[in-house]
Structure formats: C-alpha cells, structure tokens
Amino acid sequence: INPVPNDFELIEAAFMSNNIGDRYAIVTIENTSPGQRFFRNEHIVATFANGRQSIAHSLDETLKGGERLTKTIFFGSHSFPIVRVQLK
C-alpha cells in the first residue's frame, strides 16, 4: 500500500497499542502547501512488524497552509505492532 500523494510532511511519530491489539500512532504533520489541504485516511499508511500495512481509520482533518497538527490516528486491530508510518 502506498499513501496517496499529498502536501503533508511527517514531523514526528510515536506508536501505541493496548492489550487487545488496537494500534495507534501519534503523529505531528505539517501542511507544506500555502493553501488549505484535507488530510484523509489514504494519505498515511502504517506498516506492522509482520510487513502488513493499513491506512488510517476515521481520519478527516482540514489544515490551513503551513499549519501543523498533532493527532492520534487509529490503524485498526492487529497482532503485530506498528513499526513505521509514512506519507508521500
């Protein structure tokens, strides 16, 4: 899975999970465009320790030009932890 091309830059990411296998990433992103952009599920992809991938769930944000956002993003329930998130 590849993220849909976008104008966002990944500044920082930390990964979290709970005892039932829900996988989250706390990410800080920046809209590198001077104009408003929509940050959607298909813009960010998580890779798990077993190599499987998933897009975000229930992500729907609007960022102004140059705006930064820190948000917790849910990537579903999986047996393996997240080892990487990527934007394109």
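Student: What makes the link between the side chains of Glu30 and Arg68 a polar contact?

Tutor: In this predicted model, the two side chains come to 3.0 Å of each other. A polar contact requires a pair of N or O atoms within 3.5 Å, one able to donate a hydrogen and the other to accept it. The pair of Glu30 and Arg68 is therefore listed as a polar contact.

Student: Where is Glu30 placed, and what does Glu30 touch beyond its sequence neighbours?

Tutor: Glu30 belongs to strand 2, residues 22–31. With neighbours within four places in sequence left aside, Glu30 is in contact with Asp7, Phe8, Glu9, Ile11, Gly66, Glu67 and Arg68.

Student: How do you know that strand 2 and strand 7 are paired?

Tutor: Pairing needs at least two bridges between the strands. Strands 2 and 7 are joined by 8 bridges, so they count as paired, and they run antiparallel. One of the residue pairs is Ile29 with Leu69, the latter being the bridge partner in strand 7.

Student: Which sheet do these strands belong to, and which strands are its edges?

Tutor: The sheet is open, has 3 strands in the order 1-2-7, and is antiparallel in its pairing. Strand 1 and strand 7 (68–77) are the edge strands, as each pairs on one side only. On average, neighbouring strands of this sheet are turned by 25° against each other, direction ignored.

Student: Why are strands 4 and 5 called paired?

Tutor: Strand 4 (residues 45–48) and strand 5 share 3 bridges in the antiparallel sense. The requirement is at least two bridges, so the pair qualifies. Within this pairing, Thr47 stands opposite Gln53 in strand 5.

Student: What joins the side chains of Thr47 and Gln53?

Tutor: A polar contact of 3.2 Å joins them. The limit is 3.5 Å, so the distance falls within the cut-off.

Student: Why does Thr47 count as buried?

Tutor: Buried means under 20% relative accessible area. Thr47, which lies in strand 4, has a relative accessibility of 14%, so Thr47 counts as buried. Residues up to four places away in sequence not counted, Thr47 touches Arg52, Gln53, Pro81, Ile82, Val83, Arg84 and Gln86. The C-alpha atoms of Thr47 and Leu10, 37 residues apart along the chain, are separated by 15 Å.

Student: Is Pro3 buried or exposed?

Tutor: Buried: its relative accessible area is 4%, and the cut-off is under 20%. Pro3 is placed in the segment before strand 1 (8–17). Not counting residues up to four places away in sequence, Pro3 touches Glu42, His43, Ile44, Val45, Gln86, Leu87 and Lys88. Pro3 and Ser54, 51 residues apart in sequence, are 9.9 Å apart from C-alpha to C-alpha.

Student: Why is His43 called buried?

Tutor: The relative accessibility of His43 is 10%, under the 20% limit, so His43 counts as buried. His43 is found in the loop between strand 3 (37–40) and strand 4. A polar atom of the His43 side chain lies 2.9 Å from the backbone nitrogen of Arg40. Leaving aside neighbours within four places in sequence, the contacts of His43 include Pro3, Val4, Phe38 and Leu87.

Student: How many helices and strands does the protein have?

Tutor: The protein has 0 helices and 8 strands, in the pattern β-β-β-β-β-β-β-β along the sequence.

Student: What share of the residues is buried, and what share of the contacts is between residues 24 or more positions apart?

Tutor: Buried residues make up 36% of the 88 residues. Of the contacts with a separation of 6 or more, 67% are between residues 24 or more positions apart. The protein exposes about 5,000 Å², with 46% supplied by carbon and sulfur atoms.

Terms used:
Residues numbered from 1 in each chain as written. Predicted model: local features only at pLDDT ≥ 70, side-chain atom pairs only at ≥ 80, totals over all residues. Heavy atoms only, no water. Helix = DSSP H or I, 4+ residues; strand = E, 2+ residues; numbered from the N terminus. Contact = heavy atoms within 4.5 Å. Buried < 20%, exposed > 50% of the residue type's maximum accessible area, 1.4 Å probe, protein only. Areas by Shrake-Rupley, 256 points an atom, 1.4 Å probe, with all protein chains shown as cover. Axes fitted to C-alpha atoms, helices over the stretch in contact; angles between N-to-C directions.
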